[in-house]
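Me: Hi, could you take me on a close look at one part of this model? I'd like one connected walk through it, with the cut-offs spelled out as you go.
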Amino acid sequence: MPVPDGLDGMRVDAGLSRLLGLSRTAVVALTEEGSVLIDGAAAGKSDRLTAGAWLEVIFPEPKRELVVEATPVEGMNILYADDDIVAVDKPVGVAAHAGVGWTGPTVVGGLAAMGYRISTSGAHERQGIVHRLDVGTSGVMVVAQSEHAYTMLKRAFKERTVDKQYHALVQGHPDPSSGTIDAPIGRARGNAWKFAVTADGRPSITHYDTIEAFQAASLLDIHLETGRTHQIRVHFSAVRHPCAGDLTYGADPTLAKRLGLERQWLHARKLGFHHPADGRWLEIESEYPEDLSGALDVLRNA
């Protein structure tokens, strides 16, 4: 199309933002990809538009969205639900949402099977998801049911006003018994699925207190100040106290076998946050599943 007279002399990013109804960020991304042409030549974001010049904008192909299948999830119970949010007790072996390489059960699919209407914000396959738990981590997880709740909860997690409490059984006895691990986390070199403490990683802060000490391990109460992928597992592995059963991050397989663990002993115990509708403080708790409570029984009866 020809550049309209009303855009004559404007910068490309400002003019196209007005013309196409896109954000300036989106227009800049298009120019950086060489997808904005003026009279056949690629235009930069700060170039000036000339009335009557021939404008071409090439949009990328839309990404193929995964279809959310309503699939019942065994053992996933509802801890709290209202018109805005639903909190589930996520079992081990369940992902928050579908993703590349994952074909197993998901929280989103399980909620759909229960008849819950989930917020349509975000990509289709992860509707309503405002935070995630690892597949191998159990415990409380909250999902937005309304658009307003999605916006408010995403902001709360970003601004760190959510109280995220975990319990973890780690090998040995951390010294000091209560403290803070402040170490940046980034992707592990040579392993796309693993993380590590790295000099150029993202700031990551974990606070912990010892609840109960056993001969071979310690049960910790953990509060996350940040929420990096695998944060607890990475931090305690870095200080040589990996979560019991967490073979990916250096746990002792002999101890894991003795405790009957086939995954890391890590449980999202409680979430505390201001309700997105009325602002009241809400705390939702999850009890230990059988495999984790069984491991503690082994240690207490040793």
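Which residue in strand 6 does Lys90 stand opposite?

Reply: Happy to! Lys90 stands opposite Gly139 in strand 6. Before going further, note that this is a predicted model, where local features need pLDDT of at least 70, side-chain atom pairs count only at pLDDT 80 or more, and totals for chains, interfaces and linings use all residues. Residues are numbered from 1 along each chain as its sequence is written, and side-chain values use heavy atoms, with hydrogens and water left out.

Strand 6 covers residues 138-144 (strands are DSSP runs of E with at least two residues, helices runs of H or I with at least four, numbered from the N terminus). Six bridges tie strand 6 to strand 5 (residues 85-90), and the two run antiparallel. Strand 6 also pairs with strand 13 (residues 266-274), this time in the parallel sense and over two bridges (pairing needs at least two DSSP bridges between two strands). There, Ser138 has His267 of strand 13 as its bridge partner. Seven of the seven residues of strand 6 are buried, so the strand is largely enclosed by the rest of the structure (buried means under 20% relative accessible area with a 1.4 Å probe, protein chains only).

The largest nonpolar core has 44 residues, and Ile222, Ile232 and Phe273 have the most contacts inside it (a core joins buried Ala, Val, Leu, Ile, Met, Phe, Trp, Tyr and Cys through side-chain atoms within 4.5 Å). Leaving aside neighbours within four places in sequence, Ile222 is in contact with residues including Tyr166, Tyr208, Ile232 and Phe236 (contact means heavy atoms within 4.5 Å). A second, separate core of 14 residues includes Val3, Met10, Ala14 and Leu30.

Ala14 leads us to helix 1 (residues 12-20), where Val12, Asp13, Ala14, Gly15, Leu16 and Ser17 are buried. Helix 2 (24-32), strand 1 and strand 3 are among the elements covering those residues. After helix 1 comes Gly21, with a positive phi near 75 degrees.

Those covering strands belong to an open sheet of three strands in the order 2-1-3, with antiparallel pairing. Strand 2 (41-42) and strand 3 (55-57) are its edges, each pairing on one side only. Strand 1 (residues 36-38) is joined to strand 3 by three bridges, and Val36 has Val57 as its bridge partner in strand 3.

Definitions and conventions:
Buried means under 20% relative accessible area, exposed over 50%, partly exposed in between (1.4 Å probe, protein chains only).
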